[in-house]
Structure formats: structure tokens, C-alpha cells
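Please read them beside the sequence and the coordinates.

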Amino acid sequence: MHELSIAQSLLALIEDEMTKHGKEKLITVKVRHGRLSSVVPEALSMAFEVLTADSRLAGAALVMEETPVLLRCRDCNREFTPEPPTAAFAPCPGCGQELGHTVVSGRELYIEYLELE
Ligand SMILES: [Zn+2]
């Protein structure tokens, strides 16, 4: 379950931010995860809850938003969302090229914002 290690790194980042800003309480953390980062929101949510249960972060809300996959064709530069939307390799609707597309979005995993008190 890689969500556990993801939750651990998120918590480390959150703790860093709290120390940096002299805050005591985490109200909300918003995480954006790309469709290709293969994060299971329920699993991450559960890992977050387990890891924060006995800490000062207990009770904080974890909000997650998925970013769709967006590819850019290497031949014609057209940007498109592949079908199925989880596929990094898909034919370009403009020219049919299947390989070498750039992943514009869909792989990201980051904290969008923190609400601290
Ligand atoms: Zn193309």
C-alpha cells in the first residue's frame, strides 16, 4: 500500500510548514493528485487518519482533487485527454501518433494549500 508512504511524506511536509509558520493546528489540507499518479483517495484518506490519530494533526480534513490526464502530441503539438483517461499511450486525435507524447498533467501529486491555525 503505497498510500501509507505518500501520507507519511505529506505529513512531514505539513509538519515543516506548521513549524515554519508557528502554527499549532491543521484544519484542512488539500491534495491534488494526477490520474496517472495512481493514488487511491480512500486509501490515502485512511492512511492519513491512522497516522494522525494520536498527533496534533488529528481531526484535520483531507481534501483531494484529481487532475485529469493531458497529453501533448510530439508530432503536431495538439493537447488532448486520452481515452481511456488513464492511458499515457493513446493515439493523437489530430494525427494518430501513439508514442512519445508529453504528459502535460496527470502525474502530479502535491499539496495545493494548507489551512492552519
Ligand atoms: Zn498529433
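1. Is H2 buried, exposed or partly exposed? H2 counts as partly exposed because it has 13 C-beta neighbours inside 10 Å; by the convention used, a residue is buried if 20 or more other C-beta atoms lie within 10 Å of its own, exposed if 12 or fewer, and partly exposed in between, with C-beta atoms placed from the backbone.

2. On provenance, this is a predicted model, in which local features need pLDDT of at least 70 and side-chain atom pairs count only at pLDDT 80 or more, while totals for chains, interfaces and linings use all residues. Residues are numbered from 1 along each chain as its sequence is written.

3. H2 is placed in helix α1, residues 2-21, where helices (H or I, at least four residues) and strands (E, at least two) are DSSP runs numbered from the N terminus. An unreviewed UniProt entry assigns the feature "binding site" to H2; UniProt positions are given in the numbering used here, feature names are shortened, and annotations may be inferred rather than shown by experiment.

4. The unreviewed UniProt entry also lists "binding site" at C73, C76, C92 and C95. These residues span 23 residues in sequence, yet no two of their C-alpha atoms are more than 8.7 Å apart, so they gather at one spot.

5. C92 sits in the loop between β4 (79-80) and β5 (102-105), and is buried, with 22 other C-beta atoms within 10 Å. Leaving aside neighbours within four places in sequence, C92 is in contact (C-beta atoms, placed from the backbone, within 7 Å) with C73, D75, C76, R78, F80 and Q97.

6. C95 also lies in the loop between β4 and β5, but C95 is exposed, with 12 other C-beta atoms within 10 Å. When residues up to four places away in sequence are not counted, C95 touches C73, D75 and C76.

7. Turning to the sheet, 3 strands form an open sheet of mixed pairing in the order β2-β1-β6, two strands being paired if DSSP finds at least two bridges between them. The edge strands, each pairing on one side only, are β2 (61-67) and β6 (109-116), and the twist averages 15 degrees from one strand to the next.

8. Strand β1 (residues 26-34) pairs with β6 in the antiparallel sense over 7 bridges, and T28 stands opposite E115 in β6. Helix α1 packs on the sheet, touching β1 and β6, and its direction makes about 40 degrees with that of β6; axes are lines fitted to C-alpha atoms, for helices over the stretch in contact, and angles run from 0 to 180 degrees between N-to-C directions.

Key:
Two residues are in contact if their C-beta atoms, placed from the backbone, lie within 7 Å.
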